[in-house]
Amino acid sequence: MEAVLTGVGPRLRALRKERGATLTGLSEATGISVSTLSRLESGLRKPSLELLLPIARAHQVALDELVGAPPVGDPRVRAKPIVHGGRTMFPLTRQPGGLQAYKVIEPQRLQEPDPQTHEGYEWIYMLSGKLRLVLGEHDVVLGPGEAAEFDTRVPHWFGSTGEGPAEFLSLFGPQGERMHVRARPARGPQE
């Protein structure tokens, strides 16, 4: 951070000269005294937001450019697909640990459910096709636009209904990290 601040003065001077501005002209445009501008450029005064914002406005540059902030990395996630047991998973998050997001393609096939348990919490949102979810004593089919969430310590399995491929989003988190989306419970008999 200190290196970024020490580089501001020379950048300010170079930008001003590049624009053909004088300290007096910049002072008039920003309301900052000539002596303060001179001390900023020479590094004798630490830059602050209240000084840098009007200077950036006067030069019509972004504050990041003025302070020489490093460029932000490409936000796109370009992870390679993972094929596991015939299922293709496209990672949508880059950071290890914590919540993980995947776009999953389940191919058309017939399988016998083999419920498993493990630590964690999972949320599924259907994009297309149908997906069979066996969760504890429940055996349901999810279609496009439907979501399910569950504690993965409950015996669970999901897979193709055999009617075609299914695409869905899956969010998986360590135990205790819930997605904060709740399915409305089925209503009991009217009282």
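Predicted model: local features only at pLDDT ≥ 70, side-chain atom pairs only at ≥ 80, totals over all residues.

One term before anything else: when I say buried, I mean under 20% relative accessible area, with exposed being over 50% and partly exposed in between, using a 1.4 Å probe and protein chains only. Helices (H or I, at least four residues) and strands (E, at least two) are DSSP runs, numbered from the N terminus.

Residues are numbered from 1 along each chain as its sequence is written, and side-chain values use heavy atoms, with hydrogens and water left out.

Okay, the overview. The chain has 6 helices and 9 strands. It is 191 residues long, and 32% of those count as buried. Contact, for me, means heavy atoms within 4.5 Å. Taking the contacts in the chain with a separation of 6 or more, 59% are between residues 24 or more positions apart.

Let's do the sheets. Two strands pair if DSSP finds at least two bridges between them. What order do the 6 strands of the open sheet come in? They go 1-2-3-9-4-7, with antiparallel pairing. At the edges sit strand 1 (82–84) and strand 7 (147–151), each pairing on one side only. On average, neighbouring strands here are turned by 25° against each other, direction ignored. For angles like that, axes are lines fitted to C-alpha atoms, for helices over the stretch in contact, and the angles run from 0 to 180 degrees between N-to-C directions.

Find strand 3, residues 100–106, in that sheet. Strand 3 is mostly covered, with 5 of its 7 residues buried. On one pairing, strand 2 (residues 87–91) runs antiparallel to strand 3 and is joined to it by 4 bridges.

Which residue in the turn between strand 5 and strand 6 has a positive phi? That's Gly136, at about 60°, in a hairpin with 2 residues between the strands. Strand 5 (residues 131–135) and strand 6 (residues 138–142) run antiparallel and are joined by 5 bridges. Val134 is across from Asp139, and Leu131 is across from Leu142.

On to the helices, starting with helix 5, residues 49–59. The buried residues there are Leu51, Leu52, Pro54, Ile55, Ala56 and His59. What covers them? The cover includes helix 2 (8–18), helix 3 (23–30), helix 4 (34–42) and helix 6 (63–67).

With helix 4, the axes come within 9 Å and cross at roughly 115°. Helix 3 and helix 4 are therefore roughly perpendicular; the cut-offs are under 35 degrees for roughly parallel, over 145 for roughly antiparallel, 65 to 115 for roughly perpendicular, and oblique for the rest. Helix 3 brings Leu23, Thr24, Leu26, Ser27 and Thr30 to this contact, and helix 4 brings Val34, Leu37, Ser38 and Glu41. Those residues split into 4 nonpolar, 4 polar and 1 charged, where Ala, Val, Leu, Ile, Met, Phe, Trp, Tyr, Cys and Pro count as nonpolar, Asp, Glu, Lys and Arg as charged, and the others, Gly among them, as polar.

With helix 5, the axes of helix 3 come within 9 Å and cross at roughly 110°, so this pair is roughly perpendicular too. Here the contact is made by Leu26, Ala29 and Thr30 of helix 3 with Pro54, Ile55, Ala58 and His59 of helix 5. That contact has 5 nonpolar residues, 2 polar and no charged.

That's my tour; over to you.
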